[in-house]
Amino acid sequence: MSDKLSAQPVIEATGLVRRFKNVVAVDGLHLSIARGEIFGLIGPDGAGKTTAIRLLAAVMLPNAGEARVLGFDTRRQAERIRRSVGYMPQRFSLYGDLTVRENLDFFADVFGVRGAERKRRIDELLGFARLTEFSTRRAANLSGGMQKKLALACTLVHAPEVMFLDEPTTGVDPISRREFWDILANLHVQGVTLFVSTPYMDEAERCSRVGLMYEGQIVECDTPDALRGQVPGELLSVWTAQVPKARAIVAALPGVLEVQTYGDVLHVFVEDAAILTPAIRDALAGAGAPAIDIQKTTPRVEEAFISLIQRRRKTERELGIGN
Amino acid sequence: MRIPSTLGRILAIMRKEFIHIRRDPRTLAIVIIMPVFQLIIFGYAVTSDIKHLPMAVLDQDHSVASRRLADAYRASSYFDVDFYAQNDRELARLIDSGQARVGLTIPPGYGDQLARGSVAEVSMIIDGSDPTIANAALSAAAAIGQAHSASVAQKVMARSGPAVAALPGVNVETRVWYNPNMISANYMVPALIGLILQTLTALLTAVAIVREREQGTLEGLIVTPIRAPELILGKIVPYVLVAFTAMLEILLVGTLWFKVPINGSVTLLLALAALFLLSSLGIGLLVSTAAHTQQEAMMLAFFTILPSVFLSGFMFPISAMPQVLQWASKAIPLTYFLVIDRGIVLKGNSMDILQPQVTALAAFGAAILTLAVARFRKRLE
């Protein structure tokens, strides 16, 4: 029986569609997430990440398709889902004029966590989110990072089995981001299934599986390693003082598949690094935009992601679809 | 098991709302000061009391009796006999120029007729530019005339104001029974209770709910097990208490400062005020389901307040309105509450007399609240 339970996906979506006036935000979403995963949902702005999370968290009704969370239907059994699921919206819901503790008390009351259990749980969460010493401070007077941690704590008062987090670290400094992800990792260890959307690719690296959302659909869904493996050819990092000029020259070379720009570094995907390294060096030197350094690098999820999006857009252009 | 958790959730919302109220001193101050402020404005400024209205007398009789009648008007505090006209044209000119607001013509033979014991007639011209004042002046003039066994032929000249033909006949007894000194405050203070109850509850409820939507806190509440009726109830109760505090405040200032006598049962007044609040809360909730921002909510709430002020009989008598507006006034809950409210305070009415209004209010409350709760969605659109 426990086998059957763990085999059943915790989050499951088939053909989810949600339209707004002029756009189809989610356009046939298919998804299956197992117990204990940290699932990362990445994708450009406007890809439909927030709408997807809202549909899965039973906050919004889909126009078509169906979704099940813990085996319960998001249309008909939303209230049952709410008892075992936590959801942290992008702009979370803290009451700024309430103190840290009052916010936690409020959510505990609403979720029916009472008495000794309430006290124990809130003390635990305050410690967990490292907010104990700020418990009497008003939520509005917390730093951005602390507000996010309090929001997370509020959505955890009822000890949910599944957590949906919509860009939980957007607008938070890097140190707080790291701290926040440490907390998520702790939850993961405790067996909570996490569904996180994020615009930060380094965060995607911490997920057990990553779904790449593009124009309302999940176009790639795999482990970070496998996603990186999908990048064509090999990756060279080229440092140069004249980025725009160098980019144009490199992109025109035979054997170069794709060029991405990161500050003063060009990331060049090539068929064979051993052949292209001297070729790029010579071409740039000849054009008067010499390379400072060229190194072979391992692609990150970020490069993989951008490469996937670029190839998809190129295909669309060639087929004359999209726009 | 289900009931205690429902209660727990309602209490949680209520506790939170009270913290919001307590931590927002500016709103609290407005809520406390606004009723008194409005009371002062309506109690003093918006008054139809007539005092020292300039009067012109055209005495064509020149008898002892005619002089006694003029003296009677002079002796009242309502009129100052400032002018004696020599003929009709002069009288008309005095009123045209606004020097006199009221003109009294005592025809020849007035004294003889009185002496013969028959009813003597005098005529009264009243500047009807301001119908409220004209109305009050007419009543006062008639009352004084009647005390002198003279029936005053009413004749009102409309100047620039609306037609005064619709002025109702004088009912001297009514005035004498319920508000013998015709003090506006006695009429306005109870009405103000109704208006302020409605304004406060509709506005505060609408804003309190829309604020959650605007700040994004509603999205966080949607995923909690709280049900829409629980959320609504928890949000409403604190503002009902605030509204009742404001109401008691008006009653206190009204009785202690404006010396408004409360002739009926205060308990009945409070109970029926609670009934009236159902409609106001419903209006607030309806507004909150339609508005997306707090500003929008406030605009919409004000939009509902205006007809209440003008069509409910709060300021202008319903009987003087065109038929269409009279029908419209029947669709406004405040109309019924004002009858109840003024009835209890001024006339000491009890439940048996107010039954039709109470029934109407109960029906309105149930209908508006049902509609509002049905429209309230615990999902994002």
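In this predicted model, chain A comprises 12 helices and 14 strands. An assignment of domains divides chain A into domain 1, residues 2-222, and domain 2, residues 232-298. Chain A is also in contact with chain B, through 23 residues of chain A and 21 residues of chain B.

- The C-alpha trace of chain A extends over about 75 × 45 × 40 Å along its principal axes.
- Chain A has 323 residues, of which 42% count as buried.
- When contacts between residues at least 6 apart in the sequence of chain A are considered, 68% of them connect residues at least 24 apart.

**Domains of chain A**

- Domain 1 of chain A covers residues 2-222, and domain 2 of chain A covers residues 232-298.
- The centres of domain 1 and domain 2 of chain A, taken over C-alpha atoms, are separated by 40 Å.

**Interface between chain A and chain B**

- On the side of chain B that touches chain A, the elements giving two or more residues are α1 (2-23) and α9 (217-222) of chain B.
- Helix α1(B) provides the largest share of that side of chain B, with eight residues.
- By class, the side of chain B that touches chain A consists of eight nonpolar, seven polar and six charged residues.

Conventions. Residues numbered from 1 in each chain as written. Chains lettered and ligands numbered in written order. Predicted model: local features only at pLDDT ≥ 70, side-chain atom pairs only at ≥ 80, totals over all residues. Helix = DSSP H or I, 4+ residues; strand = E, 2+ residues; numbered from the N terminus. Buried ≥ 20, exposed ≤ 12 C-beta atoms within 10 Å, placed from the backbone. Contact = placed C-beta atoms within 7 Å. Domains from an automatic or database assignment. Nonpolar A, V, L, I, M, F, W, Y, C, P; charged D, E, K, R; others polar.
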